[in-house]
Amino acid sequence: MQNLKDRSDPTDVEILGHDSDAMDQYLTFIMSDEEYGVDILSVQEIRGWESVTLIPNAPPHIKGVINLRGTIVPIIDLRQRFGLAKVEYGPLTVVIVLKVATRKGARVMGIVVDAVSDVYSLSSQDMKSAPDLGDHVNTSYIRGLVNVSNKMVILLDINELLGTDTIPEVSLSTLQEIKESTVNN
Amino acid sequence: MSIDLSQFHQVFFEESHEGLQIMEAGLLDLDCDNPDIDTINAIFRAAHSIKGSSGTFGFTEIAEFTHVLETLLDEVREGKRGLNPDILDLLLQSVDCLSSMLSALQNNEKFDKYQAKELVAKFNEILQSNMVKQVDSDSKKEEVNQPPEVVSNNALTTWNILFVPDLNLLRTGNEPARMLRELAKLGECTIKSDIKKLPEIGSVDPESCYISWSIILTSECDRSVIDEIFEWVIDDCEVIITETAGIFPEGQILKNERLLNQESKSNPALPETPVAQKKIEKPKSQAKENTKAAEATSIRVSIEKIDSLVNLVGELVITQSMLGQLGSEYDIGKVARLQEGLAQLEHNTRELQESVMRIRMLPISFTFSRFPRLVRDLSRQLGKKVEIKLTGEQTELDKTVMERIGDPLVHLVRNALDHGLESPQDRVAAGKPETGVIELKAFHQGGNIIIEITDDGRGLNKEKIRKKAIASGLIADQDHLSDEQVQDLMFQPGFSTADLVTDVSGRGVGMDVVRRNIQELSGSIEVNSREGQGSTFTIRLPLTLAILDGQLVQVGDQTYILPLVSIVESLQPDMKLINHVAGGCDVLRLRNEYIPIIKLFEVFNLKPESEDLADSLLVVVEVGNSKVALVVDELQGQQQVVIKSMETNYKKVEGVSGATILGDGTVSLILDVTDLIQLAGVIHQGKKGLKLISNREYAA
C-alpha cells in the first residue's frame with residue numbers, strides 16, 4: 001500500500017482526480033497482498049465486519065446474512081471464495097456492500113476483504129484482458145488487469161463473480177497462473 | 001389518434017367488472033313476483049354505464065350486447081314487462097357472457113362471439129314487437145377491428161389543436177403568428193383566439209404572451225407535420241393535438257369529449273392538460289407501459305384509511321422534529337423528555353405499522369359475494385332447494401390470503417350442496433324443512449380469521465368412512481378411532497367424499513387438496529359433523545401472511561423462529577420414552593404416538609450446547625398429518641415477526657422459509673417445518689391404526 005502513495009512514475013495511469021468521460025472509477029481492496037478492483041458504481045457502502053447469522057448448509061465462503069437497514073444481505077468471504085488462506089476477522093476487516101446485476105434482477109451482497117485500498121480512474125485502454133489460460137481455468141470473472149505504480153491490479157467483474165447461482169470455481173492456482181503469465185508477458 | 005385511450009382500459013375493465021357484480025347481486029336479489037324498483041334501477045344503471053363506456057372505448061360488441069340487455073331492462077323498469085325466472089336466467093347468463101367478453105378483451109384474446117349472438121337472439125325473441133334496431137353488425141365489427149391509428153394518409157383529417165403558449169414565449173424568440181401561418185398553409189384552418197387571460201390594459205406586459213388559440217385544421221397532412229411546427233415550443237407550452245378523424249367525424253368528437261370528461265373526473269386534482277401533453281410526446285411507450293399495468297393487480301383503498309395514514313405520518317414527523325431538537329441541545333437534565341419522546345415514537349411507529357397493514361385488508365365479501373350465484377345455479381342443477389346465509393361479510397382479511405382461499409371455499413360449498421344437503425323429498429321425510437340452509441360465516445378470533453361453512457344436511461356417515469378407510473388400507477379393521485379421527489380421514493388423499501357420502505362418483509378433487517391449500521396459507525381446517533343434523537367446516541387462517549407469530553428457539557449460538565401455529569407442545573425429554581430405531585432415527589413415545597426426533601444441530605451442521613438429548617428440549621411440531629419433535633437447546637420468548645424473503649438477495653435456503661429481524665437488529669431465520677422433515681430425511685413411519693400417514697408415503 002505504501003508504494004501506491006508514491007505516484008511519481010509518469011508512465012502510470014492517471015490517478016483519481018482527472019475526470020474524463022472515458023474513465024471508469026474503480027474501488028480497490030487488498031487481499032493477501034494482492035490488489036483487486038471493482039467498479040465503483042456497484043459499490044453501495046463500506047462497513048466494518050459485524051457478526052452474521054449463519055445460513056445452514058451454505059458453502060463455506062457464504063458467511064451468513066446481516067440486517068442492512070431492514071434488508072437481508074448475504075455476506076461472502078472473498079478470501080475463501082478465491083481459495084486463499086483463512087484469516088481471523090479483526091476490527092480492520094471490511095465488508096464492501098455491492099449491488100450485483102443478476103438474471104433475476106439486482107441483488108445486494110457483501111464481500112469480506114482484508115482492507116480497502118484506493119480509488120483509481122482508469123480508461124479501458126489501460127486495461128489488459130486476462131490472459132487465456134486454456135479451458136481448465138475460468139477467467140470470466142476477471143474484467144481485466146491494469147498496472148498502477150508498477151503493481152498489478154486485478155479488476156473483477158462482480159456480476160460474473162457473484163451474479164450466478166452456480167458460483168464458478170475460482171482457486172488460488174488460477175490467480176497464481178494469471179500472475180505468472182502476465183509477468184512473463 | 002392523439003390521446004391514447006388504452007391507458008384508460010384498465011379503469012374501464014375494473015369499473016365494468018364492478019358493474020357486472022352489482023348486476024349479478026341485484027339479479028339474485030330480485031323477486032320475480034314483486035320486483036323491487038330500486039334494485040332494477042341499480043341493475044339498469046350498471047348496464048347503462050357499461051354500455052356507455054364500452055362505446056367510448058370502441059368495444060362495439062360489448063356496447064351492442066349491453067344495448068339489447070338494457071332495452072329489456074328498461075321495459076321492466078317502466079313496468080311494461082313482468083319478470084319471470086326465464087328472463088332472470090337469461091339476464092344472469094348475459095352477465096356471465098359479458099364478463100367473459102371483458103376478460104377476453106382484457107387479455108387481448110378473441111372471445112366467443114357465438115354465445116353473445118345466441119343470447120342476443122333470445123333477447124330479441126322476448127322483445128319481439130319491440131325489436132331493437134340492429135345496426136348491421138358486420139360493418140360495426142370492421143370498425144372495431146380497425147385500429148384507429150391506421151387512418152390512411154390520403155384521407156382528410158380534422159385536427160383539433162389547443163395551443164396555450166407560455167407567458168415567456170415571446171421572450172424566447174418564438175413567434176406564435178408564424179406557427180399559425182404555417183398551420184394555415186397545411187389546409188383549411190379555423191383559428192379562434194382566447195383572450196381570457198389578458199390582464200387590464202394598464203398591467204399588460206408587452207413582452208408576455210397572454211393569448212391562447214384553439215385551431216381546427218382540416219388537412220391531408222400527417223400528425224408529424226403538425227408536431228414539427230410546434231417542435232420548438234412543445235416543452236414549455238401546452239399543445240394538445242387531437243384528431244377528430246376523417247372517417248367517423250361525429251363519433252370521434254364524441255369520444256374525445258367523453259375522454260376529457262372522464263379524465264377530469266378520475267383526476268380531479270390534476271389539470272388535464274399536462275397529462276395530455278405528455279401523451280403527445282410519447283404515445284408509443286405509454287401504450288407499452290399500459291399493457292404492463294394491465295397485468296399488475298391493483299387494490300382499492302378507502303379514503304378513510306389513506307387519511308388516517310396521512311395523519312399518522314404527520315404525527316411521526318412532529319415526533320421526529322421534537323426528538324431532533326432535543327438531540328441538538330441535549331443535556332442530562334432532559335432525560336425524562338427524551339424518554340417521553342421515544343415512547344411517543346414507539347406509539348407512532350406501531351400505529352403506522354398497523355395502518356399500513358390494514359391497507360392490504362379487504363372485507364371478505366369480495367369472496368363471499370360469488371356464493372349466492374353459485375348456490376343458485378347449482379341448486380337448480382341438482383333439484384335442491386337451498387337458502388344461503390352470509391354473515392360477517394365485513395370481516396377483513398389480507399388480500400393475498402383472500403385470493404387463495406376462494407377456490408377451497410368454492411369446493412367446500414359445492415360439497416355441502418352436492419353431498420351434504422338432501423333432496424327436498426328426503427328432507428321432508430327426515431322431518432326437516434324442505435329448504436336446506438348453507439351458512440357462511442366469517443369472524444375474527446385472536447390473530448386469526450375463522451370461516452365457517454355450515455349445512456343442515458345429513459352429516460357425515462362415520463361408519464361408511466370407516467369402512468372405506470379399511471377398504472383402502474388406511475386403517476386396520478380392529479383399530480378403534482375417535483370421532484375426530486374418523487372425520488379427519490376425509491382429508492386423506494385418495495378419499496372421494498362422493499364415494500363416502502352419496503356413492504355418486506366424485507369429481508376427483510379431494511378434500512386433501514383443500515386442506516393443502518389452506519395449510520399453504522398456514523391455516524388449518526376442521527370438520528365437525530353430527531349425523532342427520534349437518535356438518536360444519538371450520539377454517540382458521542392467519543390475518544396476514546406478512547406477519548407471523550413466532551417462538552424463538554436457540555440452537556448453539558443461533559436463534560431460529562418456529563411458527564407458533566405449528567407447535568403442538570414443548571417438553572423436557574424423558575430418556576425412558578426415547579428409543580433408537582435402527583437406521584439412525586430416534587423416536588419419542590408421547591402418549592400413544594411415536595414421533596420421530598429431528599436434531600436441528602445435525603440438520604443445520606451447528607455445534608450445540610450439548611449433544612445429549614437429556615440436556616435439550618423437544619418441541620413437537622405438526623405439519624399436515626405428521627408430527628416431529630425438534631431438538632433445541634433453549635426456548636426463548638414468543639413474538640410477532642415480520643417475514644422477509646431470503647430470495648431477494650440470496651436464494652432459497654432449505655429448511656428455512658424466510659428471515660426476520662429481531663429487536664436487537666440481528667437476523668433470525670424462520671424455520672419451515674415441512675422442509676426440515678424432508679431435509680432430515682425422516683419420512684414418517686406411519687403406524688397404521690393411528691391417524692398418521694404422511695402424504696408422501698401415501699403417494700409412494
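This is a predicted model: local features need pLDDT of at least 70, side-chain atom pairs count only at pLDDT 80 or more; totals for chains, interfaces and linings use all residues.
Figure 1. Chain B has a mean pLDDT of 74, and 80% of its residues reach 70 or more. In residues 246-295 of chain B, pLDDT stays under 50, and the model has 52 contacts beyond four places in sequence for this stretch. Residues 499-508 of chain B also stay under 50, with 16 such contacts. The model scores ipTM 0.74 and pTM 0.49.

**Figure 2. Helices α4 and α5 of chain B in contact.** Two packed helices are described by the angle between their axes and the distance between the axes. The axes of α4 (residues 85-106) and α5 (residues 113-127) of chain B come within 10 Å and cross at roughly 150°. Because of this angle, α4(B) is roughly antiparallel to α5(B). The crossing is left-handed. Among the residues making the contact are Ile87(B), Leu90(B) and Met101(B) of α4(B), and Leu119(B), Lys122(B) and Phe123(B) of α5(B). The contact residues comprise eight nonpolar, three polar and one charged.

**Figure 3. An open sheet of six strands in chain B.** Strands of a sheet pair through backbone hydrogen bonds, either parallel or antiparallel. Here the order is β14-β18-β19-β17-β16-β15, and the pairing is mixed. At the edges are β14 (567-571) and β15 (578-581) of chain B, each of which pairs on one side only. On average, neighbouring strands are turned by 30° against each other, direction ignored.

**Figure 4. Strands β15 and β16 of chain B.** These strands run antiparallel and are joined by four bridges, with β16 covering residues 585-590. Ile578(B) has Leu588(B) of β16(B) as its bridge partner.

Technical notes: Residues are numbered from 1 along each chain as its sequence is written. Chains are lettered from A and ligands numbered from 1 in the order in which they are written. pLDDT is the predictor's confidence in each residue, from 0 to 100. Two residues are in contact if their C-beta atoms, placed from the backbone, lie within 7 Å. Axes are lines fitted to C-alpha atoms, for helices over the stretch in contact, and angles run from 0 to 180 degrees between N-to-C directions. Helices (H or I, at least four residues) and strands (E, at least two) are DSSP runs, numbered from the N terminus. Angles under 35 degrees count as roughly parallel, over 145 as roughly antiparallel, 65 to 115 as roughly perpendicular and the rest as oblique. A crossing is left-handed if the near helix is turned anticlockwise from the far one by less than a right angle, and right-handed if clockwise. Ala, Val, Leu, Ile, Met, Phe, Trp, Tyr, Cys and Pro count as nonpolar, Asp, Glu, Lys and Arg as charged, and the others, Gly among them, as polar. Two strands pair if DSSP finds at least two bridges between them.
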